[in-house]
Amino acid sequence: MGGIFFESSTGASHTEDFLVDNGGKDNKKKKRRSRRSKQNCSLSACSSASEICTYESRLLGDDTSSNHVVSSGHNQQEIECNVDLRSMPEVHLNKQVADENLKIRPSVTNVIHEEPDTVGPILIARPVDNHARRKVYPPHLSAEAVSKGLEVNEGGLLSAIFHVNAHNSLEAYCKIDGVQSDVLISGMMAQNRAIEGDTVAIVIDPPSLWPRMKGSNEIPNNPNSLQLHQALVQIGCDSACSTSNMVIQDNGACHENGPVSYGDGFSDNALSRDAYESMNTLEKLCTLVSLLPSKRPTGRVVAVMEKSPRRNNVVGFLSVKQWIYSRESKRRNPRKNKHQADVDDGYILLIPNDPKLTKMMVCVENLPGSIRMFLEAGDLTIETFLVAAEIVDWPDESYIPEASVIQTFGRGSDIDAQIAAILFEHAIDASDFSSEALLCVPKIPWKIPHDELQSRRDLRKSCIFTIDPATASDLDDALSVERLPNGVFRVGVHIADVSYFVLPDTPLDGDARIRSTSVYLLQRKLSMLPPLLSDNLASLNPGVDRLAFSIFWDIDSAGVILDRWIGRTVIHSSCKLSYEHAQEIIDGAFDAKNTKLYGQFEWCDVIKSVKCLHEVSKLLKENRFRSGALSLESPKIGFLFDEEGLPYDTVVTGRKDSNFLVEELMLLANKTAAEVITRAYPSCALLRRHPEPNARKLLEFEAFCGKHGLKLDTSSSVYMHNSLEQIREELKNDSSLFDILMSYAARPMQLASYFCSGDLKHNNGEWCHYALAVPLYTHFTSPLRRYSDIVVHRTLAAVLDVEDNFRKGKRRSRKKFTEREVVNGFFLTGLSVCEEEVESVEAREALGVAAKKYGVFSTENLSVVAAHCNEKKLSSRRVKDAIDRLYMWALLKRKKILYSEARVLGLGPKFMSIYISKLAIEKRIYYDEVEGLKAEWLVATSSLLLNHSIHKRPNRKGSPSKFRPIDETAMIVSPIDLEMEKTNNLEPSVFPLTLHLLSTIPVALHAIGGDDGPLDIVARLYVSSYFH
């Protein structure tokens, strides 16, 4: 496949010239600067390519590595560096740069350009011969070299997932397990064609190149820093984290091996060169990060090991104007273009909706017929359509990847088209269930078989009920409580036994595993299971007999668990309560008129049970936070919809006691299930872990709190929770600021994830859940909407089967139960356990047989399932966030303009960050290079002064030729118009406007995009002025 590069349409003298200025003025100077820049780039890029080739040869044991060096000679390929690329229009393919700098032309050698009013370079895209093209990026290492680089001690490579900063696509990062800080990958060359979500191999830069973290208080050039630098050089780690030739080593004087003293403040960290050299690459990086806590490690991508699924699910808009203009130009001048290819060939630009993805080129010849019809007719309407595409190639000779368009969704302003695009982008299966899967679901009417009734504990005469959202139809969990004569609460959690219906290795199981989770779209849901099962047969609906897994705990008045029982049961729910109903019961204001009650119980029984459960939940919550749990509760925005399903307003929602009641009991059930399945199957239990917060982001959050005089201790989850509670008390009169802090506090938190217990070591804390402060945790309570819970149910069923057989064997042999078995329950599910019995040959063999019977995954297969569940859960979360943003956009589109107050979170030289509490969103307002607006930073008061100017600003050297209009930054209204039209109650600010951190300012918000680009919400200052 030919590569793609950009050529000036003004007629460059050589095809190698990437940029030719149209202006003609100072042309010679620019050419000289271009030549110098090109020479420097060539030398730098050659070094990078040489390093990679030499490194690969060394790993593969090739002594002829010198033959792989790529030089800038006449007959060899030339690599361009990343030093000056950022200032070149080719790099403007990033979304953060104005699109006007990129003009697309079809794939021809010469183009007649007939737009004399165009200013600046005009770039066209055309395929070229790969052998004649200079390379843009360093080559990737071979799979063999990567494998050896990851395995050997001196390989110097690390594997990680590649993530891109949504605000700045030139900045990416990789999180490596076991390293406190993520690794910064800055710039196009360092990113080396990696895409969001790729699994990449990276090499770490020398510590001397690491930038300082935000919020760091380290003083440059202080004695300790200099002593530490000397110490790093002495152990040989100042130049690189490994002994790899991938990074140029320090050529200074040799240092003798021996212990190193780091001076004052580092005396306890003595480290010898031998000890350092004996470490593997990960250990070296961890050592450097701990020695340099104020620095953020940086690195470079040297290979893409596994391509991200995001490559196959790109959504965006096509830019066809320049292609159509160019085609018309060639048709008007057939003689001048007789040597060109067919006029319907060439490339057009695809602009992804996701700011984390780079722009892409699409071959016109491979477009679907429906899109080609628009192009042949010269119809620009196609630019308003959302399209689906996939990345097909990104050679090292091309600045941007080549993509292939798969389908169109419809106009970007259409809600249904946007929802379809969101589902495609996140690979959500919205198709109907297969006929084979539906055949696995029992036909209705259905009754519980007699043998199931005989083998399960019958709880149909217990007062059991559900508490769920009012609109919920898939009822996973039910609750019960009984106060024993000794004052102890016997609390029951009953979970739908979905594993009874979804049997292993059936078409239904296959469908559920692929979907992995239900996806909620605010007004509808995409179920993981067929609705007949999820909303009917397996759902714990009131008034019908249902199969369940039940856990009972005996809990005393201090919240201490005295005993527990776990088993498979049959229940009969008395009623379906909403969270609102439960809250009314807690508040003593419940009206049962509109709620139906089934069975033998009265409303007084239900009310008494809810109040008892509320009392127990408070005890459990207090104990949980006393043990180190962390809560980052913040209000959420809900939408109010009209009859047509469109949002017309928002409401701020927060969780209440009824929500916490259910949450505490579900957390306890999940924790209990994790303990049991791990005890029985220590190498193949599906668990859930939550790593410690990101150290860099936590440092930034601490600095943010410190700027506002708030003390925050993040040394542990306990201290962090206590600090936040103290801050809550201090800010009780400023709830808006506390909501902002809670939003910031969530940013350092890493995502929780599923894992197989056999993949991670338990003794070093890798199984722990940081936010919950528990050593073991899993998901057990939502099997109707999470496949992970079905997996846990099968494992638990195997455990219960072994215990049941053990119990039956005791009865058949007429042996007496031991005292421990009588008091504490059974040897696998009880509170206490006899390790000898669990590890006995008899127990292990029985557990192995039960694992096969109930379809418990092996360690290897469970690892795959866990990874897939993580991927789908994250996709589901992203879909929910995208749907929220879509309806927020639709609401503002409907309102035209929304006026609101905002808080200033940050002030910079170019923009301010603001938080709009009404919408619970953070936006930016840019004020640099704005016509009619003057920004001045007042050092004495640490404030920003914005003033309106009626004088035209002169252009500065090196600044853009045009300033942005002030209307993009501020909505300025006349005081006279305000008197005539009182459309809102928010008073505008006036110029001059003085801003401090946390200032409250009025803003105007409106929606943009839809038919003309990605959806977005723009915030502007709301100002009154007579000069406008």
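Predicted model: local features only at pLDDT ≥ 70, side-chain atom pairs only at ≥ 80, totals over all residues.
**Overall make-up.** I began with the secondary structure and found 25 helices and 35 strands in the protein. I then looked up burial, and 52% of the 1028 residues count as buried. For the accessible surface I noted a total of about 48,100 Å², with 51% of that area belonging to carbon and sulfur atoms. Turning to contacts between residues at least 6 apart in sequence, I found that 71% of them join residues at least 24 apart.

**Helix 15 and helix 16.** I next looked up helix 15, residues 603-626, and helix 16, residues 657-680, whose axes come within 9 Å and cross at roughly 65°. The crossing of this pair is left-handed. On the side of helix 15 I listed Val610, Leu613, His614, Ser617, Leu620, Lys621 and Arg624, and these meet a set in helix 16 that includes Asp657, Phe660, Glu663, Glu664 and Leu668. Sorted by type, the residues of this contact come to eight nonpolar, two polar and five charged.

**Helix 17 and helix 19.** My last entry concerns helix 17, residues 695-707, and helix 19, residues 735-745, which pack with their axes 10 Å apart and at an angle of about 160°. Because angles over 145 degrees count as roughly antiparallel, helix 17 is roughly antiparallel to helix 19. I noted a left-handed crossing here. Phe701, Phe704 and Cys705 from helix 17 meet Leu741, Tyr744 and Ala745 from helix 19, and I recorded six nonpolar residues in this contact, with no polar and no charged ones.

Conventions. Residues numbered from 1 in each chain as written. Heavy atoms only, no water. Axes fitted to C-alpha atoms, helices over the stretch in contact; angles between N-to-C directions. Helix = DSSP H or I, 4+ residues; strand = E, 2+ residues; numbered from the N terminus. Parallel < 35°, antiparallel > 145°, perpendicular 65-115°, else oblique. Left-handed = near helix turned anticlockwise from the far one by under 90°. Contact = heavy atoms within 4.5 Å. Nonpolar A, V, L, I, M, F, W, Y, C, P; charged D, E, K, R; others polar. Buried < 20%, exposed > 50% of the residue type's maximum accessible area, 1.4 Å probe, protein only. Areas by Shrake-Rupley, 256 points an atom, 1.4 Å probe, with all protein chains shown as cover.
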